[in-house]
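User: Can you walk me through this one? I'd like to start with the strands.

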Amino acid sequence: MLVFWLTIFISLLQSSSAVYQQSLSAASTFVSTELQRSDDDWDLNKPLTSNSTANLVFATISSLLQSAPNLRYRNGHTLVPGIIRSGTLLYHGRGDSNIPTMEWVAFDPEASYIFCKLYGQSQSCWLHTFRVERFLRILYFDGSSAAKIGDGAMDSQDILTWGEIRPDLVREEGMRIRKLCEWGAKVGLDGFVSEMMLCDFSPLQLISSRHIKSTPMTIPLKDRSPVPTPRTPIGPLPITSDSIDFLRISGRFDHYPGMMQVQLDLAHFVSLYDEKLAPSLSTVREGKPRLRHRLLGMSQEDIFRVKVHLEGQIAEVAWSSLERAGNHFDWSIHLHSIVNLYGDAFDDLCDIINSTTISLSRADVRAENAFRMIESIVRPFVLHSVSPTGTSPDIAWASSVFKECALSHTSAVSAISFTNSEELLRNAIEGTTRELCRVMTKMWTDGVREGMSPLFGSTHKPEDATFLLDTWKVDLGNLMDWLDWGTWMRCRPACKQLEFCYLPAWPFGVGNLSRPAAGWHEHNPQPRCLRKIPPFIYADDFLKL
């Protein structure tokens, strides 16, 4: 969640266009990745190649600005130029009345109040409110690069800051800010969004400055000087009432649309999952689960190529047009229309297939309900001419259903003149929905073969419902694992009153902090229901007391 205490490293240094253009000399020669397949090959038994990153590009881009998926996959792989619009209100809390020149800000007064308490305590709590006078040009890092831990969360910042991955410099925040601002000035950026730190407050207008009442902070930090200074907890901090307030505020951005104050330009994003842009990472992540993907091991040649390409993408951004809604194709809406179309349906289908409730205990009942949902997904793509033919294992008759489904998701963008980033994104959508449609069509043919489809005048019960469910369980499970969408990152069952869904994240720990699993060092963090009132522990652990 701390990823959304966006820090904008703002530098208003004058940039030199001549030097800037020289750094872009190689950018125009870059060619984006394309799917390695034939457009005429609609074999339902042929999955997308195992080394494709289409699903990873799709999952990361559809999770931008949302805290929950970026907390789980904290090692970011995406850099996106964007803006913070003029008129946006920003807040800053501190322990004195001074107006800073380089400091953190927040989008919420509640968040600033927490820091006001942290630094000012009960005697000197000042809350400043600012308005952005002109839009701020920013570069957004996905993942949790606000988490000052050396296991990959800051890799994408490292390649811009140091030109290499430097886990040993993870706590050098002051030096990092200065280096990023120097590079940002060269390419015309005002700042960087990961945590939100302004290097210069001159683009902001002070709206109000209030000396407010507060109570002592319950988060145990030793240094509480009036002026915030960089600090990185060595170990996890305990959950307190102030921590709960902080997590509740940041939880507003857990899922889409996320942090709406930031407008990203998806026509010029850069993905480290682009295999032609960073080929050395293909070997680095080979055989590793997504949670262990990071940029450590990336070649110097690839780092240089990424920086040059990124500078080229930034140079192409029509900054002022980002403030005007409706003047370009909205890739974010297109991505989330796909997630919305299938996300909940796959979730429900998974529940039905795996159900152990009394009402769905019989295998034939579960199979019937599951097939009804499967057919509702593919039904819009079953042409009138489709008819089951051939021998039982032959499902080539359904290839047109597969094709119609897959092509339906890219037809809206087929006539667009693509940038390199848009070509990569279109390929990611195409590859992802192609595999999704292949699996769903194949699962549908299993039910049609059992005579379960009313589309073909048959509503028989399956001969072996258990076998059919086991087949679907594997097919759907593998598909959902491959898609790995952020919309599924939630507590199951849903949290009760006075609980909220919490994903372990830096810098907090839950319960006994002497246990490694209590903090943010978990290798496979999962969302769990956390109590909002004392004791601040997981709800299921509370029931065991």
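User: Which residue in E5 is the bridge partner of arginine 94?
Analyst: Tryptophan 126. Strands (E, at least two residues) and helices (H or I, at least four) are DSSP runs, numbered from the N terminus. The model is predicted, so local features need pLDDT of at least 70 and side-chain atom pairs 80 or more, while totals for chains, interfaces and linings use all residues. Residues are numbered from 1 along each chain as its sequence is written, and side-chain values use heavy atoms, leaving out hydrogens and water.

User: How many bridges between E3 and E5?
Analyst: Six, with E3 (residues 89–94) antiparallel to E5; two strands pair if DSSP finds at least two bridges between them. E5 also runs antiparallel to E9 (residues 204–212), over eight bridges, where arginine 131 stands opposite glutamine 205.

User: Why is E6 largely enclosed?
Analyst: Five of its six residues (136–141) are buried, so the rest of the structure largely encloses E6. Buried means under 20% relative accessible area, exposed over 50%, partly exposed in between (1.4 Å probe, protein chains only).
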